[in-house]
Amino acid sequence: MVSNEYALKTNDLNVFYGEKHAVKQLSIDFPSHSVTALIGPSGCGKSTYLRSLNRMNDLIEGAKVTGEIWFDGENVNHSAAHVRLLRKRIGMVFQKPNPFYKSIYENIAYGPRFHGVTNRKELNEIVESSLRKAALWDEVKDRLHHSALALSGGQQQRLCIARTLSLNPEILLLDEPASALDPISTSKIEELIQQLKANYTIIIVTHNMQQAARISDQTAFFLMGELIELNDTNQIFTKPTRKETEDYITGRFG
Amino acid sequence: MSSPTKQHDSWWKEGVGKVLTTVSASILILTTLAIIYFIASKGLATFFSNGVSLVEFLIGTEWNPEGAPGQFGALPFILGSFIVTVGSALLAAPLGIGTAIFMTEISPRIGQKVMQPVIELLVGIPSVVYGFIGLSVLIPFLRNSFGGVGFSILAGILVLTVMILPTITSLSVDAVKRVPRDLKEASLALGATRWQTIWNIIVLRSSLPGLLMAIILGMARAFGEALAVQMVIGNTTAIPKSLLSPSNTLTSGITLNMGNTIPGSAYNNALWSMGLLLLIMTLIFILLIRWISKRGQA
Amino acid sequence: MNTKAKDRIATGVFYAMAMIIVAVLFGLLFYILFHGLQRIDLQFITSSPEFMKAGGGVGPQLFNSLYLLVLTMLITLPLGLGGGIYLAEYAPKNKVTDVIRLSIEVLSSLPSIVVGLFGLMLFVNTMGWGYSILSGAFALTVFNLPLMVRVVEESLSSVPREQKEASFALGITHWATIRKVLLPVALPGILTGAILAAGRIFGEAAALLFTAGMSSPNLNFANWNLLDPASPLNPFRPAETLAVHIWKINSEGLIPDVREVADGASALLVITVLVFNIAARWFGKWLYRRLTAS
């Protein structure tokens, strides 16, 4: 059984895309209210692994995920699991900001409304608090009913984070959330992640090692679908135990 | 918080969409099967119930279904349909493809701004309008230039040519546009002239399947067109002696006689057999297009 | 002959071809509009046709064409949406899906006279609806449906994949994602395609000869009783459309001004198609801008 210190953990998780064995026997524990960074060269399976955690790989034809994903005392990697409820409780933010072609307000209200919140006042509160948590409220409060597509890239990404927060998830999966953004927007997102840590368990995929070093508590280094090293972030970046890790973080490949 | 696995989706929430859309999609299959079944059952009755010989129907030249005994040689209709189709394709294909190349390679500015919208508009013009213009402009012109009545195979070919030109042109434009830019640039960089590039790279290599498909779709449209042809071809059931003689096609035969024959009679059934021939030709055109597109991908 | 000269000649030939086409096609449009517009006035588009003498209009025919269009769209839109959504979102890669796609290809390439024959047998005779608007609308549905299914499928497929992912990641069902996220984004494309398809069916004639029929009863536009034979809205009455009217007066008309009436009716058809074309472009762009910009 999962101890309560861990919000999520995987045991021997494998992902196959058709013949390709993309993620191999991964076992990682994610402590509550901490930030875990997944790093590694592109194609190492870090995003694939992340997308298994909220069962987004179900959408990909020919993808197969074996092994265990423990969440809230149960293994959720089986066909009878309530995937939608799982996704509500494990939110996800994508690499490219992907706001809906709707107003800012509707972007946030869409999820809660579907999950049963119909009261207008309650929705207004959710929209405001989600935008505040994502540090976007002051910038958009006067144009809530304007199109979300008119926002800047960085604002759009914070809107996407707010949209995820609107469902009050326990875990946030961030898939390279700042890779498409300029440095200022990136630092805003990083700041935000630091604040969100108090209330959420965060798992972030990043190809930016400085970013991993700045914001995470533990770091997992992936290579060719395998977990090479998992340790405290300080440890990994100062005294990596494996040669591959050292090569990667010192920039010798990747 | 409830357990993540203990609740289940209600069937209604997720299943309803799949069921509704599956039903709509199956209607497409059902309609197609129904059309094939209905037309085939009526069309084959001529041979099975009325005892008309299939060979006579296909190659006989005498059409007198009301005679005693009735004669059911549909070759004049079949021949008429093929002649107008091939004739209009022979005229429209070079013109249409040439225009498409002009629009994409020689003067894209005029092509996009002026010709494209007009051609798109003309694709949508009802075929009766083409027939009516043929009747009121082309027929008098042919009568004055060549004598005779004017209603003729040639008139049918010309009306269909104008009618399928926009179709062939706009499909050819799509085909030529799909040729990768670097292929053309490479050819020009190697010192080939524009004409050599157009001929060798565009026409003969990259867009050949697309251009062939454009021609076949144009031919399918010409073969199946009823009213525009019927209005100008003269509707005489005899093997045409020249391009200027009046003739008939499968579609015009059906159009003119379906309403005047008694359902169930051999005459009426023979018209359904002509409909069945049209259906079979449609399937052949589709097979041809599929074959070309497969070869084009290989 | 050297290659330079060949190149110049070829270019000349292309110019000539393009000029021929432009001359023919523009000439055609100009001819139709020039002759027709002299004829079109309020009296022409509102009054009934004459049978023996000159001066008749095409009012009922115009109404019939529009009514038939509306009915056809009412039948086609839901079915087309359903079929298009199925192909874009649910269809597995298997034989059945291949058969659906083949069916679409067959239906969209059938000669319209064949569709008319099918309508005659199924709707007019078997269902017993006779020559009627309803039979005509269903016959038109047979061609319009494959077009609509394609339009819906293509519009849905061009919605960025990320939109769907975003919705799924919020724990929302596929069906709700389609309705609330994908369809609104695909809407401009769907509407543009629908309007263009509408232009197509507005001018269709061959499929209607033996389904909607070649006559129109005397209509009383004050009569709104759906079941009264004189009511314009009765779906079980025969309804000659504008396109069928052009064909009929030319092949068996007794009026002395066939030419003038047909000129006017042709121009009306062409103008309608033109309006549909322009409307489709403009409306699609407008909707897209509304959906994306602030």
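Predicted model: local features only at pLDDT ≥ 70, side-chain atom pairs only at ≥ 80, totals over all residues.
Residues are numbered from 1 along each chain as its sequence is written, chains are lettered from A and ligands numbered from 1 in the order in which they are written, and side-chain values use heavy atoms, with hydrogens and water left out.

We may begin with chain A. UniProt, in an unreviewed entry, lists residues 8–249 of chain A as "domain: ABC transporter" (positions are in the numbering used here, feature names are shortened, and annotations may be inferred rather than shown by experiment). Residues 8–249 of chain A are 38% helix and 27% strand, with 26 Å between the end C-alpha atoms. Helices (H or I, at least four residues) and strands (E, at least two) are DSSP runs, numbered from the N terminus.

Two packed helices are described by the angle between their axes and the distance between the axes. In chain A, helix α3 (residues 104–114) and helix α4 (residues 120–133) pack at about 115°, with axes 9 Å apart; axes are lines fitted to C-alpha atoms, for helices over the stretch in contact, and angles run from 0 to 180 degrees between N-to-C directions. The contact (heavy atoms within 4.5 Å) brings residues of α3(A), including Ile104(A), Tyr105(A) and Ile108(A), against residues of α4(A), among them Leu123(A), Ile126(A) and Val127(A). By class, this contact of α3(A) with α4(A) comprises 9 nonpolar, 2 polar and 2 charged residues (Ala, Val, Leu, Ile, Met, Phe, Trp, Tyr, Cys and Pro count as nonpolar, Asp, Glu, Lys and Arg as charged, and the others, Gly among them, as polar).

Strands β9 (residues 218–223) and β10 (residues 226–232) of chain A pair in the antiparallel sense over 6 bridges, pairing requiring at least two bridges found by DSSP.

Chain C supplies another helix pair. The axes of α3 (residues 59–90) and α8 (residues 174–202) of chain C come within 9 Å and cross at roughly 140°. The contact of α3(C) with α8(C) divides into 17 nonpolar, 3 polar and 1 charged residues.

In chain B, the unreviewed UniProt entry places "transmembrane region" features at spans including residues 197–220 and 270–292. Residues 197–220 of chain B are 96% helix and 0% strand, their end C-alpha atoms lying 30 Å apart. For residues 270–292 of chain B, the figures are 100% helix, 0% strand and 33 Å.
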